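Here are a few exercises to work through with the model on your screen. Try each task yourself before you read the solution.

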Amino acid sequence: MVTYIPTEYLGSFKEQVVPMLDKAAARSNGRFRGSDFWEMVADGTNQLWLTVDDEENIIGATTTSIYANRNLSVMEIIAHGGTSLDNTHLSEVMNSLEEFAVENDCDVIRIVGRHGWKKVLDKYGYKEEHIVLEKELSDERRRNDERED
């Protein structure tokens with residue numbers, strides 16, 4: 001089962017959820033920690049979704065953000081991590097997110113993530129629209145660029 005957790009009910013979940021979000025953060029090349037994702041949920045910027053198994057154990061956490069982007073309303077999947085998540089659980093997560101997005105008048109659901117997501121989400125109708133290219137700049141390079149400005 002996948003459940004949206006309103007901000008006012010977050011309190012008791014932090015100790016269980018942050019380690020799950022740490023798993024998602026581990027793939028961010030140091031850009032995020034699980035606590036960063038938690039703070040975005042706690043301040044109301046993002047939404048939290050919990051995946052619960054048949055014994056009512058929390059086995060997954062997903063965060064999303066809803067925002068306007070030009071002429072579109074977008075739900076973006078920000079982080080997804082946990083333990084014992086399988087394709088059945090992912091199907092439940094995607095269905096719940098899509099229902100919530102429709103209820104909130106979103107035009108699209110988007111995820112910016114690793115290449116592995118393309119293969120996994122293909123069967124749910126997701127397609128690659130763009131790619132993100134990035135080059136990490138050294139501290140010295142950034143200082144030189146700032147001086148030229």
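**Exercise 1: A strand and its neighbours**

Task: Find the residue in β5 that is the bridge partner of Glu76.

Solution. Step 1: In β5, Glu76 has Arg110 as its bridge partner. Before going on, note that this is a predicted model, where local features need pLDDT of at least 70, side-chain atom pairs count only at pLDDT 80 or more, and totals for chains, interfaces and linings use all residues. Residues are numbered from 1 along each chain as its sequence is written, and side-chain values use heavy atoms, leaving out hydrogens and water.

Step 1: Strands β4 and β5 (residues 108-111) run parallel and are joined by four bridges. Strands here are DSSP runs of E with at least two residues, helices are runs of H or I with at least four, and both are numbered from the N terminus. Two strands pair if DSSP finds at least two bridges between them.

Step 2: One example is Ala68, whose bridge partner in β4 is Ser73.

Step 3: Now check the cover of β4 (residues 72-82): eight of its 11 residues are buried (buried means under 20% relative accessible area, exposed over 50%, partly exposed in between, with a 1.4 Å probe and protein chains only).

**Exercise 2: Two helices in contact**

Task: At what angle do α1 and α2 pack?

Solution. Step 1: Helix α1 (residues 14-25) and helix α2 (residues 34-42) pack at about 120°, and their axes are 7 Å apart. Axes are lines fitted to C-alpha atoms, for helices over the stretch in contact, and angles run from 0 to 180 degrees between N-to-C directions.

Step 1: The two helices are therefore oblique to each other (under 35 degrees is roughly parallel, over 145 roughly antiparallel, 65 to 115 roughly perpendicular, and the rest oblique).

Step 2: Residues in the contact (heavy atoms within 4.5 Å) include Val17 and Leu21 of α1 and Phe37 and Trp38 of α2.
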